[in-house]
Amino acid sequence: SKDTCKIVRVDLEKQYREGDLPRSWVSMPKDARGKEGLVHLVDLDSQTEEYKKVLAKFDKTMNPGQMNYTKIEKIQRVQNPMLYGQYRAKLRELEKQNPPGHKNEWFLWHGTQPATCQKVNIQGFNRSFAGQNATVYGRGVYFARDAKYSARDTYSPKDQNGHKYVYLVRVLIGEYTKGSGSMIVPPPKDPSKDTSILFDSVVDNPTDPQIFVVFHDANAYPEYLVVFS
């Protein structure tokens, strides 16, 4: 008898769609051909816990006790399955290589120009944009602990309607060290042993970091877009 080989087709997209994507996500819209788009922006209802949770994070670091913005125009959830799948794969990688229990993932802020939002929603945070504002701690993508920093006009200029755009981002910070302007990748964790094992990110101040820089595009996922005036 002839040996037979059974071919089993594994739908990887479906696999991570069912296992890795947040339960809060809604179905991705399909076009006339039945094909899903790359990204779907969902306007959050202001009465939901999800909206209130994002707003609380925003208010907490926008200068507590001070009303330094007039109005939240909308908060949108960014649903990009491919981008999120890449991010989750990178998170699993960090969890394997870093000590058990280490805080690898942070929620940070990133202000952007209105015209850049669509690129971020589809492509994520591209390091090729590095240097548009500052490269004090390295030539990567910058994120802030506090929303008030990202909300500065330098990082989130107003559009023609006076609206500003700031992302609440999942960022893989992992193990970090102090950055410098000349860095294009993080430095080695222990140069005397293995120069190929690098820190995962760099920061402004390792003892109390407020500015974080990552050098790998998959290290950040733009989860929510906050539009305010």
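Tutor: Begin with Arg-145, which is partly exposed at 30% relative accessibility. Buried means under 20% relative accessible area, exposed over 50%, and partly exposed in between (1.4 Å probe, protein chains only). The model is predicted: local features need pLDDT of at least 70, side-chain atom pairs count only at pLDDT 80 or more, and totals for chains, interfaces and linings use all residues. Residues are numbered from 1 along each chain as its sequence is written, and side-chain values use heavy atoms, leaving out hydrogens and water.

Student: Which side chain meets Arg-145 in a salt bridge?

Tutor: Side chains of opposite charge can pair when their charged atoms come close. Here the partner is Asp-146, at 3.1 Å from N to O. Asp-146 is buried, at 12%. The rule asks for a side-chain nitrogen of Lys or Arg within 4 Å of a carboxyl oxygen of Asp or Glu.

Student: How many salt bridges does that rule give?

Tutor: Ten. One of them joins Lys-189 and Glu-175 at 2.5 Å. This pair links distant parts of the chain, 14 residues apart: Lys-189 is in strand β7 (188-190), Glu-175 in the loop between β5 and β6. Helices (H or I, at least four residues) and strands (E, at least two) are DSSP runs, numbered from the N terminus.

Student: Where do Glu-93 and Lys-90 lie?

Tutor: Both are in helix α3 (residues 81-97), three residues apart, about one turn. Lys-90 is buried at 15%, and Glu-93 is partly exposed at 39%.

Student: Which residues form a network of salt bridges?

Tutor: Glu-105, Arg-170 and Glu-223.
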